[in-house]
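Thanks for coming. Please have a look at the model on the screen, and then I will go through a few of its parts.

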Amino acid sequence: MLNVGKIREGFVLDHIKAGESLELYHSLQLEKLDCTVAIIKNARSNKLGKKDILKVECDINELNLDVLAFIDHNITVNVIKDENIVDKKILVLPKEIKNIIKCKNPRCITSVEQGLPHVFILADEKNEVYRCKYCEEKYSHL
Amino acid sequence: MRHLMSPLDFTVEELNRLFDLAGDIEQNMGSYSTACAGKKLATCFYEPSTRTRLSFEAAMLNLGGSVLGFSDAGSSSASKGESVSDTIRVISCFADICAMRHPKEGAPMVAADKSSIPVINAGDGGHQHPTQTLTDLLTIRSLKGRLDHFTIGLCGDLKFGRTVHSLIHALERYEGIEFIFISPEELQVPDYITDRLKELNIPFEEVIRLDNVMPRLDFLYMTRVQKERFFNEEDYVRLKDFYILDKAKMEDAKAEMLVLHPLPRVNEISVELDDDPRAAYFKQVQFGVYVRMALILTLLGLEGGK
């Protein structure tokens, strides 16, 4: 069994679908933070069989986790302080997602205008529908 | 500063004020002839459109203002690769208000985000065409005296037809509206519109044939199947003649039903209908000038100063 040490302050993101931790790493823009990150792939899980875990050692106010709810509701977010879990975050869908996903509508201005952020607005919370701010195209994972 | 991106940018009360102003302009055209003296309208048209551009220009000239601009992307800096964001920053130094048409959806919104003058969306790809919608609403209100409790049929290209999307969007806010969407399956209204109608509990039907629903309609809004919205010519040729309104179909319509069309027409409305008193599509064009005049005055904050 692989051992990864405890973190003093930060987040442990548990129950990530196996194989998706790297995508999450980029979605959270962790490459921009100067902090210690452990990416654990294919850990054993009673709930999922296999899972990924991300451990991020950082100031807990420094990381915006809003996008997690959009990516996967089932991720457990443990907030760590002084090496202890002090909180488990409930994930809420963000009202706006910026530069995480791209508009796939070939007629959208984002397909040609340089430097334009890809912004999606939560249009329907119940059905988790996001639409491009500019062309209103529904975001689809496909 | 106000812009116009979608018909929903104005509340129902604001629209009523705009239409009242347009009505006053219609009655007292002469008294508005210097209302915009010294003001300039920039028409930034990245794709050709004679009608909408000339309607904007006529509106500004009627108000005593002047116009400048370009009528296709080839004669603008866009052909050199300039972004919309940069273009509008430059245009903001030349003009007091801008009407923008662009083949890419959302381009006028990008402009509005960076602009220091009011921007009017004059049509963006297959997305929105709010000033056509204001024209349509003013036409309905002027000819019928109200904007609620109608059954409205929309026929033709409902997938890419931006005038249709904008009109549905605007009519959602009036009571007792029922939509009947008449189109081939390939050109049905996008799901974001039908999703929203379901959410708002607004009744709508999607049908294939026009003749079956004619007797129920208070309005029939016809649209052209536009060649430039298709990815291949084969699809266009197969679908373009699908829905043609002629005298025979009109016999089933109510005596007071009105036919609207954003124009240009190709062959979807037979010319034999032009003299039918129910044909309102050329009146629409005149209402379009009045409503654009009212819009320019409103966005420039000059609505009280004729």
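In which crossing, left-handed or right-handed, does helix 5 of chain B pass helix 6 of chain B? The crossing is right-handed. Keep in mind that this is a predicted model.

The residues that make this contact come from both helices. Helix 5 of chain B brings B:Pro130, B:Gln132, B:Thr133, B:Asp136 and B:Leu137, and helix 6 of chain B brings B:Thr163, B:Ser166, B:Leu167 and B:Ala170. Sorted by class, the residues of this contact are four nonpolar, four polar and one charged.

Now the geometry. Helix 5 covers residues 130-144 of chain B, helix 6 covers residues 162-171, and their axes are 8 Å apart. The packing angle is about 60°, so the two helices are oblique to each other.

Next, the domains of chain B. Domain 1 is made of 7-128 + 288-299, and domain 2 is 131-285. Their C-alpha centres lie 25 Å apart. Where they touch, 18 residues of domain 1 are in contact with 19 residues of domain 2. On the domain 1 side, helix 1, strand 4 and helix 10 of chain B each supply at least two residues. Helix 10 gives the most, with five residues. By class, that side has 11 nonpolar, five polar and two charged residues.

Chain A is also divided, into domain 1 (10-89) and domain 2 (96-132). The centres of these two domains, taken over C-alpha atoms, are separated by 24 Å.

Last, the two chains together. Their contact takes 13 residues from chain A and 14 residues from chain B. The chain A side has six nonpolar, two polar and five charged residues.

Notes. Residues numbered from 1 in each chain as written. Chains lettered and ligands numbered in written order. Predicted model: local features only at pLDDT ≥ 70, side-chain atom pairs only at ≥ 80, totals over all residues. Axes fitted to C-alpha atoms, helices over the stretch in contact; angles between N-to-C directions. Helix = DSSP H or I, 4+ residues; strand = E, 2+ residues; numbered from the N terminus. Parallel < 35°, antiparallel > 145°, perpendicular 65-115°, else oblique. Left-handed = near helix turned anticlockwise from the far one by under 90°. Contact = placed C-beta atoms within 7 Å. Nonpolar A, V, L, I, M, F, W, Y, C, P; charged D, E, K, R; others polar. Domains from an automatic or database assignment.
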